Amino acid sequence: MRHALSTRLWHWINAAALVVLFMSGLTISNAHRRLYWGNYGFAPEDAWLHVMRFPGWATLPMFRYDLAEARDWHNTAAWLFAVGLLAYWIVILVNGHFRRDIAAGPRAYTPQAVLGTIRGYLTGENRRAEKADYNPLQRIAYAFVLGVFLPGMVLTGLAMSPGIEPAAPWLVEAFGGRQSARSFHFIFAFALLGFLIVHVAMVFVAGPVKTLGGMIVARSPKDRAHG
Amino acid sequence: MAEFERRHLLAGLAALGVGACSRVGESETASSIVDTAESWHREAHRALAGRQRLAPEFDRSQVSPSFRGNGSLTVDTPEYRAELANGFPNWRLAVTGLVDRPLNLSIETLRALPQRVQVTRHDCVEGWSAIGEWTGPQLSTILDAAGVRPEANFVVFRCADTLYGRRYYESVDMVDAYHPQTIIAHQLNGENLPEKNGAPLRMRIERQLGYKHAKYLTGIEAVASLDDVGEGKGGFWEDVADYQWYAGI
């Protein structure tokens, strides 16, 4: 599939920002390894989840605990991530990429459509087909990532900021309190990690040369040979 | 934004792309990028919320069952123990620096001033939160009584406690110093401030994280610049561990 310059640019900037945000986020999680619902929480008995201590190879900075530096990475990359996401949303709404390729209408959600796609993956039919558009499962996945989980990261992040709260107390209330926002931030982050794992696996299933080529220079080697 | 700052930012964004290497975080360019990002956060918060917008206040019924103490949990001196046992009869809050009338205030004097009572949520940089009801005079009342001079840009909070052998301190700019919810609390949940929460006096800086809320308060100093205070970064954790001076995020 050919990708517009805006998509290729945003994809890689966003990927880099997400890696930095996720790894520095693991350090921040290590600073207090319990999650709560509501507005307050600090005691073990208040927690709904006791989070594992994330190992040094997975955190940023790597192999040492430095909350201040992790927060610097996190709060700097957050600008890149949030502004990039907003800009990308504006572009894909204006150029029609969202409506044409991603927006999942009711027909994408029918069991038939989903099962048909899964069957296609199992039989290898999806791989062989040089498809110009996304299948129903891809539309659902991209719509949820772009529409729910990525903006959810930004909004729950903002809701945790004591400097934002006086300007937008409704945002904190919408998530059910500051500690709930923190819990959703964590849940959304791992939902995105799950997406990333499947996403990368699918790149390999579909042929990494073709798909990566498409996301870097907009055309696969085959396109180029023909073009 | 100055042109050289923009260049640093671009260099840093490029660095993010080429690899999340820890060494990047130690370079001067990187530290100027994160400081720039932080000042954008501060300016965005101030632009969105204005100077006077309040942090949410809760109902008294919503206070958390206990209020965690963190950082220093006491002042480890015989003088402090004696004061604590006797209700702090000799404790003084000194108001000094760029003021027309330096003050030396007893706890009784602070209690006699107009009081603000606020039920607010305390957010620690580590991630936890607690809700408590705080009582005390507004810092603005005391700054006005002392007559802060126009050249003062920051208020430094001096503390009795030490961590890692250093005296704790913190600072805010005049926006937060004059914010209506910035109070010198002497009560938590209607009782005298507990030892672990900073008895007899602590700051409440409600739009910033917990490390700004200096405990065991002994002095308030109006200054023009933070360069000559401590190591020049504006606070204990800022000096020791490079925490951001603006803690609104």
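In the predicted model, H97(A) touches T7(A), Y88(A), I92(A), I102(A) and Y134(A), leaving aside residues up to four places away in sequence. H97(A) belongs to helix α3 of chain A, which spans residues 97–102. Its relative accessibility is 8%, so H97(A) counts as buried, the limit being under 20%.

Over all chains, the count of salt bridges comes to 20. In chain B, R60(B) is paired with E133(B), and the closest N and O atoms of this salt bridge are 3.2 Å apart. The pair links distant parts of the chain, 73 residues apart: R60(B) lies in the loop between α2 (28–49) and α3 (78–86) of chain B, and E133(B) lies in strand β4, residues 129–136. R60(B) is partly exposed, with a relative accessible area of 39%, while E133(B), at 12% relative accessibility, is classed as buried.

A further salt bridge in chain B joins D242(B) to K233(B), with the closest N and O atoms 2.9 Å apart. Here D242(B) is partly exposed, at 44% relative accessibility, and K233(B) is also partly exposed, with a relative accessible area of 39%. Elsewhere, salt bridges with shared partners connect E165(A), R178(A), R121(B) and D123(B) in one network.

At the interface of the two chains, 37 residues of chain A are in contact with 50 residues of chain B. The size of an interface is often expressed as the accessible area lost when the parts come together. Between chain A and chain B, the buried area is about 3600 Å², and carbon and sulfur atoms give 63% of it.

Two salt bridges are counted between chain A and chain B. R121(B) forms a salt bridge with E165(A), in which the closest N and O atoms are 2.6 Å apart. On the side of chain A that touches chain B, at least two residues each come from α1 (5–31), α2 (67–94), α7 (169–174) and α8 (178–206) of chain A. The most are given by α2(A), with 10 residues. By class, this side of chain A has 20 nonpolar, eight polar and nine charged residues.

For chain B, an unreviewed UniProt entry lists residues 90–223 under "domain: Oxidoreductase molybdopterin-binding". The span of residues 90–223 of chain B is 46% strand and 13% helix, and its end C-alpha atoms lie 26 Å apart.

Note on methods:
Residues are numbered from 1 along each chain as its sequence is written. Chains are lettered from A and ligands numbered from 1 in the order in which they are written. This is a predicted model: local features need pLDDT of at least 70, side-chain atom pairs count only at pLDDT 80 or more; totals for chains, interfaces and linings use all residues. Side-chain values use heavy atoms; hydrogens and water are left out. Contact means heavy atoms within 4.5 Å. Buried area is the accessible area (1.4 Å probe) that two parts lose on being put together, summed over both. A salt bridge is a side-chain nitrogen of Lys or Arg within 4 Å of a carboxyl oxygen of Asp or Glu. Helices (H or I, at least four residues) and strands (E, at least two) are DSSP runs, numbered from the N terminus. Ala, Val, Leu, Ile, Met, Phe, Trp, Tyr, Cys and Pro count as nonpolar, Asp, Glu, Lys and Arg as charged, and the others, Gly among them, as polar. UniProt positions are given in the numbering used here, feature names are shortened, and annotations may be inferred rather than shown by experiment. Buried means under 20% relative accessible area, exposed over 50%, partly exposed in between (1.4 Å probe, protein chains only).
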